[in-house]
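Thanks for making time this morning.

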Amino acid sequence: TSLHVKSSSPKKILEIGCQDGVMSYHLGTILGKLHSQSLLYSIANTIGNESSNQWVDCISMIEEMPQLAFAAVDYDNTNLRDNNFDIVIILRGEKNG
């Protein structure tokens with residue numbers, strides 16, 4: 001994934017399950033430095049630090065931002081059927097108990 005992101009053209013990346021923001025931060029930092037016109041679209045099923053979603057805190061630390069989009073939706077109802085992405089990353093869901 002890292003080599004594909006670092007290629008010579010802008011990328012459109014979908015990240016599903018971005019609660020902690022760690023992967024978003026990593027991808028956003030690379031994309032922002034290499035391709036500011038790239039898009040990082042991050043989806044979570046919760047939002048806000050009270051729900052253990054630190055995405056906003058992590059993403060706000062990026063100095064050179066790519067284009068960003070964030071959605072807090074039910075994973076089964078993302079309405080992304082007609083969108084194409086170069087890379088799709090699905091992160092493992094929250095641990096139970």
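This is a predicted model: local features need pLDDT of at least 70, side-chain atom pairs count only at pLDDT 80 or more; totals for chains, interfaces and linings use all residues.

Let me begin with Asn79, which counts as exposed because its relative accessibility is 61%; here buried means under 20% relative accessible area, exposed over 50%, and partly exposed in between, with a 1.4 Å probe and protein chains only. Residues are numbered from 1 along each chain as its sequence is written, and side-chain values use heavy atoms, with hydrogens and water left out.

Asn79 is found in the loop between strand 3 and strand 4, where helices (H or I, at least four residues) and strands (E, at least two) are DSSP runs, numbered from the N terminus. Although Asn79 is not a glycine, it has a positive phi of about 60°. For context, most residues other than glycine have a negative phi.

Now to the sheet, where two strands are said to pair if DSSP finds at least two bridges between them. Strand 2 pairs with strand 1 in the parallel sense over five bridges, and Ile16 has Ile43 as its bridge partner in strand 2. Strand 2 also pairs with strand 3, again in the parallel sense, over six bridges, with Ala69 in strand 3 as the bridge partner of Tyr41. Strand 1 and strand 4 run parallel and are joined by four bridges, and Glu15 stands opposite Ile89 in strand 4.

How enclosed are these strands? Five of the six residues of strand 2 are buried, so strand 2 is largely enclosed by the rest of the structure, and since four of the five residues of strand 1 are buried, strand 1 is largely enclosed too.

Strand 1, helix 2 and strand 2 together make a right-handed β-α-β unit, right-handed meaning that, with the strands pointing away from the viewer, the path from the first strand over the helix to the second runs clockwise. The 13 residues of helix 2 (residues 22–34) should span 18 Å at 1.5 Å a residue, and the end C-alpha atoms are 19 Å apart, which agrees; the expected span is 1.5 Å times one less than the number of residues. Buried residues in helix 2 include Ser24, Leu27 and Ile30. The buried residues of helix 2 pack against helix 1 (2–5), strand 1 (12–16), strand 2 (39–44), helix 3 (55–59) and strand 4 (87–90), contact meaning heavy atoms within 4.5 Å.

Finally, the rings: the structure holds two aromatic pairs. Tyr41 and Phe85 form an edge-to-face pair, at 6.3 Å centre to centre with 75° between the planes; rings of Phe, Tyr and Trp (its six-membered ring) pair if their centres lie within 6.5 Å, and planes under 30 degrees apart count as stacked, over 60 as edge-to-face and the rest as tilted. Because Tyr41 lies in strand 2 and Phe85 in the loop between strand 3 (67–72) and strand 4, the pair ties together parts that are 44 residues apart in sequence. Phe85 counts as buried, at 19% relative accessibility.
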